[in-house]
Each structure stands twice: as structure tokens, then as C-alpha cells.
Amino acid sequence: MKKYEVSPVPDLIMQDGKGYNVWKVSDSAGFYLGENICRESASELLDSIVAKCSALKEQIKAGKLADSDEGAHDGAATDIFDELKKEADESLELKNGTRSLEEKLPYLIRKRTGEKIVIDRNIFKLGKDAGYVDYFVDDNPTISRSHADIIRKSDAFYVKDKGSLNHTFVDGRKLEPEKAVKLEPGSLLQLSDEVFEFLL
């Protein structure tokens, strides 16, 4: 029975205008990341590591890893060790790469609560409809169901009011509905009376 499960849908992380699929494996194992990694590849990699570890365990039980008279280890066992080390190194490199990308993602700080909200999508929806938006405000009735979108473009991040009842503001300036306005690091984004700071 497998002790891991690769997530059915990848998260998308953007870096330098390119999207990377990040596959959740488990809370302890971390992520697998790469332009060309698919769910099946992540599963195959894990299956391969598990199979090789099992084979290695059986060889140890059978005493096949004991030193020979010449003092050298069995060549096949050494190959397994080498392959496992290579795959573990690749896995660690992918996981560390994911962490560095996550650290570079822009985020909002909700001023009233201090909550940090990572913007991890090309179009990040804000509002109070939990079934539709990426971040929902459940404790402020003045927020619209779909209040505003933060949009990643090649040059910067922009915010667009979605025709909200109580409006969207950037640094105190009221936005026209559906008109994208650029966000600068430190910009204050206000949905109705709820204030967020945009940071990179």
C-alpha cells in the first residue's frame, strides 16, 4: 500500500513570466516542481524510489551486501545506492527550487488582521463568494461577492474592480469598474473599507 499520494491537480507558480507545475506529494515530502514534470512522472519517480529501497532491503536481509574477501561491495547494490542518491538529490533540488519560487511570490497583508495572502495565480480573485474567489472575506458584509481581481501581466501586477457595490481603491484613488490599475510595492489596496498592503 502506498504511503504517498500525488495531488490530482498541480498548483501553478509563476516565475519570470513562465508557469511551473507544483505537485503536492505529502506534508512531509514537500513538492515536485518542473516545466516538464507531470503527475505520472512524479508518481513514477516515487514508485522507482520505493521499489529500489525495497530491493535494497531484501539484499541486506539476504546478506548480499556483506564485504567480499577483496573488501569490495556487490556492484549491483552500489548501483542501487548511486541511483537512489541521484534521485534523492534531484528531488531535493526540485523542492528547494519550489521554496525559492514561493518566497518570491507577491502577497497582500490584510491590515486589520495582519494576515498574509500569497498571490499564487495569474488572476487572483478577491471577494466574499467562497466558491468562486481565491481569497474570500467572510467577516465584512460590505465586500461584494466578486469584488476585485489582481492580474499578473508581463511587466507588473494590476488590480481591476469587478463592478463592486462599495468600490475598490488604490492609494485612496477610486477605480473605475473593469479598468486595470498598476500595483506598486507598498500600494494600499482597499476593498470597500477593508485595507490591504501589496508587497513583493
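## The open sheet

Six strands form an open sheet in the order β5-β4-β14-β13-β10-β11, with antiparallel pairing; strands here are DSSP E runs of at least two residues, numbered from the N terminus, and two of them pair if DSSP finds at least two bridges between them. The edge strands are β5 (116-118) and β11, each of which pairs on one side only.

This is a predicted model, in which local features need pLDDT of at least 70 and side-chain atom pairs count only at pLDDT 80 or more, while totals for chains, interfaces and linings use all residues. Residues are numbered from 1 along each chain as its sequence is written, and side-chain values use heavy atoms, with hydrogens and water left out.

## Strand β14 and its two partners

On one side, β14 is joined by four bridges to strand β4 (residues 107-110), and the two run antiparallel; in this pairing L108 stands opposite F198 in β14. Four bridges also join β13 to β14, again in the antiparallel sense, with L191 standing opposite E194 in β14.

## Two loop residues with positive phi

The strands β13 and β14 form a hairpin with two residues between them. S192 lies in the loop between β13 (188-191) and β14 (194-199), and its phi is near 55°, a positive value in a residue other than glycine. With a relative accessible area of 10%, S192 is buried, where buried means under 20% relative accessible area, exposed over 50%, and partly exposed in between (1.4 Å probe, protein chains only).

D171 counts as exposed, because its relative accessibility is 51%.

Leaving aside its neighbours within four places in sequence, L108 is in contact (heavy atoms within 4.5 Å) with residues including I117, I119, L126, I150, L189, F196 and F198. E115, K116 and E197 are also among the contacts of L108.
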